[in-house]
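Me: I have a model open and want to learn how to read its features. Can you take me through them one at a time?

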Amino acid sequence: MLKTVYTLSIFGYCVIALLLRLALIGYGEWQDRTLMVKFTDVDYKVFSDAAHYVHQGKSPYNRSTYRYTPILAYMLLPNITVTPLFGKVMFSVFDILTGYLIYLVLKHQKYSIQQAQMYSCLWLYNPLPMAVSSRGNAESVMTALVMICMMSLCKKQVILSALLYGLTVHFKIYPVTYALTIYFHLSHPSSKTDHYIKKVVNLFLPNKDKVYFVLVSVLTLVLLTVVFYHWYGWKFLYESYIYHIVRKDIRHNFSPFFYMLYLTAEQDSVLWMKLLVFLPQLCLVLAFSMKYYTDLPMSWFLITFAFVTTNKVCTSQYFLWYLSLLPLIIPSIQMSIRRATVLTITWFLGQAVWLQAAYLLEFKGQNTFIWIWMAGLLFFTINFNIIYNIIEYYKPLMPVPSYLSKKRK
């Protein structure tokens, strides 16, 4: 039976996956018209309204809560001129593109066609991204941009990858956390010396590829920023960039910092509080960048997973940022099926505990803030246990630098 399945090409898998998403979009239209609980993501209305303003020659930021790049509003203009379903179909196509790019990256890593197809299907037929894209959420655009940026880096296309990276950071700023690991990745092989200091210094020293990448990516980001600032002014700068850095979201979410931010909402942030939120992310990004810079899929996965888990705001749509990278590293995780199953179940159970508390707060009006916070701490612990296990059982095809690896007796 497996042999029969493998006769299907990657394009066949992509077509079937797209048809499933189109079916979900059709079902969503029925649910929106029939049931009280809507299928369409609330952000989709925001995107469409912003596109409507652009179509009228106005600023997309006339729509309150539109906190995205103007490019997204332009991409959704057919929502106004063709059909309101265009955006959902487009996001679904980007979702499929992400799966296809996973396939290409795995093939580039010397996995067989069958293996590349199998692991790409973990994304193509994952219910979570299927539901998110068909509901009208734009995260699939980001996952596709990140994946194509990685693909170009793997092929050593420095200028192209720099252009894509600048565009990706413009779309959403979280990939800026990949900057250090990309910079290290572009290092030329050092001399055969095993001296730790010399090898670390070599990571920071500039070379032609590093200079090109930094200049092109920064210029791309600056050019996009200058153009849209000229068109839309301070409102663009604040909503697209600054808001996501200074935001203090007191709505319940998975973050372990949620309750602290909720209780101090009316107070000015003090230095120790800012450091408490920022330092764990900084330390983890630095550690994973230095440890796994030769292995982009692993470094980006760990950086993203840790960044999302320790972020001051953490919602379920952020999970897609690291889940899209997971199929790239699964082939190198030498873990028993039993352990992997237990970790997966605990990850879902952690969310279920939190969602139960959130349901009682939102729909029953019960004061479950402490419960939500405790559930967030539990989920935080589960996530870092998963990170620990992935690191422990990860056996890459391309080994990490010997001078940074654990010395085993």
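Reply: Start with helix axes. An axis is a line fitted to C-alpha atoms, for helices over the stretch in contact, and angles run from 0 to 180 degrees between N-to-C directions. Helices (H or I, at least four residues) are DSSP runs, numbered from the N terminus. This is a predicted model: local features need pLDDT of at least 70, side-chain atom pairs count only at pLDDT 80 or more, and totals for chains, interfaces and linings use all residues. Residues are numbered from 1 along each chain as its sequence is written, and side-chain values use heavy atoms, with hydrogens and water left out.

Me: At what angle do helix α6 and helix α7 pack?

Reply: α6 (residues 86-108) meets α7 (residues 113-124) at about 150 degrees, and their axes lie 8 Å apart. Angles under 35 degrees count as roughly parallel, over 145 as roughly antiparallel, 65 to 115 as roughly perpendicular and the rest as oblique. α6 and α7 are therefore roughly antiparallel. Contact means heavy atoms within 4.5 Å. Among the residues making this one are Ile96, Ile102 and Tyr103 of α6, and Ala116, Tyr119 and Trp123 of α7.

Me: How do α20 and α21 pack, by angle and axes?

Reply: α20 (residues 337-364) and α21 (residues 369-393) pack at about 165 degrees, with axes 9 Å apart. That pair is therefore roughly antiparallel.

Me: How many residues of α17 are buried?

Reply: Buried means under 20% relative accessible area, exposed over 50%, partly exposed in between (1.4 Å probe, protein chains only). In α17, 15 of the 15 residues are buried, so the helix is largely enclosed by the rest of the structure. α17 covers residues 296-310 and reaches 21 Å from its first C-alpha to its last. The expected span is 1.5 Å times one less than the number of residues. For α17 that is 21 Å, close to what the model shows.

Me: Where is valine 169 placed?

Reply: Valine 169 sits in helix α10 (residues 158-171). Its relative accessible area is 7%, so valine 169 is buried. Setting aside residues up to four places away in sequence, valine 169 touches Pro175, Val176 and Leu221.

Me: How many disulfides does a search of the whole structure find?

Reply: A disulfide is a pair of cysteine sulfur atoms within 2.5 Å. The search finds zero. Cysteine 14 has its closest cysteine sulfur in cysteine 121, 8.0 Å away, too far for a bond. Cysteine 314 is in no disulfide either; its nearest cysteine sulfur, in cysteine 283, is 19 Å away. Cysteine 314 is buried, at 3% relative accessibility.

Note on methods
Helices (H or I, at least four residues) and strands (E, at least two) are DSSP runs, numbered from the N terminus.
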